[in-house]
Amino acid sequence: MKIKLLTLVLVLCSSLSFAQTKLADKFFDNYGYVKAIELYEKVVEKGKADAHVLTRLGDAYYNNSNSEKAAYWYEKALNEYKDIEAEYIYKYIQSLRSLGNYKEADVWFKKFSEAQHGDSRLKGYNPDDIDIFDKLTSKNEDLMVSIKNLDFNSELADFGSFVKDSTLYFASSRGDDEKIYNWNKEPFLDIFQIGITHEQNEDGEKNEVYGSPSQINGDDINTIYHEASIAITNNGKTMYFTRDNVNHKKRLKYDKEGTTHLKIYKATLEGKEWSNPEELPFNDEIYSTGHPSLSVDNKTLYFVSDRDGGIGQTDIYSVEIKEDGTYGDPVNLGDKINTEGREMFPFVAQDSTFYFSSDGHLNLGLLDIFKSNILKNDSTLVSEPENMGAPYNSGYDDFAIFIDSKTRKGYFSSNRPEGKGSDDIYSFKISKCNQLITGIATEHRTEIILADVTVQLIDETGKIIAEVVTDENGTYNFEIECDKTYTILGSKPDYKEDQHTITSSKENEKSNTINLVLKPLILESQIIINPIFFDYDKSNIRTDAQYELENIVDVLRKHPEMVIKIESHTDSRGRDKYNLKLSDKRAKSTAEYIISRGIDASRIESARGFGETRLLNECGNNSNCTEKEHQVNRRSYFYIVDGDKEKE
């Protein structure tokens, strides 16, 4: 008897776990990742998790951009089950990289490559590809990369942008023409600054508006010789910049061969003025050191030098900035980055993408802009560089890129012939479409505006890629890419979610309107959800019914003082007495489900069945109704009898 009872308990637990997994799947498929996570984790707590549950947990966290939790569940799935699809290995790799765990990611990348022969994500550069130049020229055609020669460019050299606190810093020869640089017969370079403000156009986009250029604040920065290429620390207090080698009288210093070399200096901000420039200790008297750039955490300084021991004409190096303000020994970035040619103008974006210019890697001509990635917490380890292609690169010198990886806007410099001067600064903006999705959220019955509605933009893979909250006018907007399918999901406590799908295209209007209409869950003294249907002659809660009952659970959680009563009804088939008993079972099973979700039993005043005494249609005992018509009568109601509620 004990064995039979134990077996029955195990069967019931297994059945409940299966049902809970199905319910979690339903929420997952409808982008309800938070609820899905809660339900999947309940299955895990019961010891009933399989590969499906573990990978779905990983996916739910991954799609919600929680890399730490995603990595945890993917790792658990991969360790416990050997036949996991390779796609989950890739997502695990991505999660590890997001966390900066590049060493472990590399281990799994090898496993991924073994499992996924021919996967496009494994393909590297093919030196036998005779169409490589055409590919570089047309590389970004699927993007909308708009570039613009900026109005403040002069007829001389302007290059090397850096933006900090709505100020753009750059180098220019437009300064004092008292001294002429023999190389290009232009005045020596000075560091300039220009203010940036923003104005919104008719499409809701913010465009940059530039003020008038002026020399950088600080009498001790610009000399009558070269200053250029700056980097400013995150706190805005320290600036690194390149300067000709000058003595204490700001006169040029030469080596034995009569050559003046570049050096890196740093200055501090005092009030609004840059002052106290001091030379960095790893400069050299017989080699040049310049083009400083900082890592995201400001603990590493990258620079360019032609010092002895390098690989090519100029190489990129890194040097540690220690906590006490001293520096480590410069380290060459190695032959992944450096070639026998020139590598120059390093820049590290906020997403740790490493940019630089080179004429040694395969390029469209002269200097091209490349990008790579800094691997691990070691500034010397980088991935294989990738040519950024047109329109960033051309057959001329293209260099000194600055990019805001959040807004995907930035600047680069080029001497392409359509420019105004010998070097010009170009702005760029990256977008796969200039389209917007806009809309207004309203209440279903009254059409009143709904503020504070959470609106999520979900891509084709189910990943939440953006989230906003409607303003006091009920409005929201997202910028989207062309030729993509998106789901818009609007949610607000005490309301049913509203969901729409849209596919954008280049032929669409610039703005797509998706209005959200949310149905209130609380009307007068009742919680309104879609009907809770039961199978004929059954009282168990179906998965679709559980999905709807989660609305009741959410309302009760939101209103901890609320007390409800449940009424359940059957169709007319069967005997009256039997139907009364069946509906009572259905009411009580409905209550039991709500209680099983953590709602205290005292908050359900009653759960009562009314049999077939309150039919909604003409489907009595003698009617000839369809199954669908009979099912309308198999339903439950939820009345608020006490506690906080909204009256309409």
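These legends accompany close-up views of a predicted model.

**View A. The disulfide between Cys-619 and Cys-625.** Here is the one disulfide of the structure, with Cys-619 and Cys-625 joined at an S to S distance of 2.0 Å. The torsion about this S-S bond is about -100°, so the disulfide is left-handed. Cys-619 has a relative accessible area of 2% and is buried.

**View B. The salt bridge of Arg-597 and Glu-38.** Welcome to one of the 22 salt bridges: the side chains of Arg-597 and Glu-38 meet at 2.8 Å, N to O. The partners lie 559 residues apart, Arg-597 in the loop between H9 and strand E35 and Glu-38 in helix H2. Arg-597 is buried at 4% relative accessibility, whereas Glu-38 is partly exposed at 23%. Both belong to a salt-bridge network that also links Lys-35, Glu-550, Asp-554 and Arg-557.

**View C. The salt bridge of Glu-285 and Lys-263.** Follow the side chains to their meeting point, 2.4 Å from N to O. Glu-285 sits in the loop between strands E12 and E13, and Lys-263 in strand E11, 22 residues away. Lys-263 is buried, with 1% relative accessible area, while Glu-285 is partly exposed at 39%.

**View D. The salt bridge of Glu-567 and Arg-614.** The closest N and O atoms of this pair are 3.4 Å apart. Glu-567 belongs to strand E34, and Arg-614 to the loop between E35 and helix H10. Glu-567 is buried at 9%; Arg-614 is partly exposed at 41%.

**View E. A positive surface patch.** Arg-575, Lys-577, Lys-581 and Lys-585 form this patch. Take a look at Lys-581, found in helix H9 and exposed at 54% relative accessibility.

Terms used:
Residues numbered from 1 in each chain as written. Predicted model: local features only at pLDDT ≥ 70, side-chain atom pairs only at ≥ 80, totals over all residues. Heavy atoms only, no water. Patch = residues over 30% accessible without salt bridge, like charges linked within 9 Å, V, L, I, M, F, W, Y side chains within 5 Å. Areas by Shrake-Rupley, 256 points an atom, 1.4 Å probe, with all protein chains shown as cover. Salt bridge = Lys/Arg side-chain N within 4 Å of Asp/Glu carboxyl O. Lys, Arg positive; Asp, Glu negative; His and termini not counted. Charge placed at Lys NZ, Arg CZ, Asp CG, Glu CD. Helix = DSSP H or I, 4+ residues; strand = E, 2+ residues; numbered from the N terminus. Buried < 20%, exposed > 50% of the residue type's maximum accessible area, 1.4 Å probe, protein only. Disulfide = S-S within 2.5 Å.
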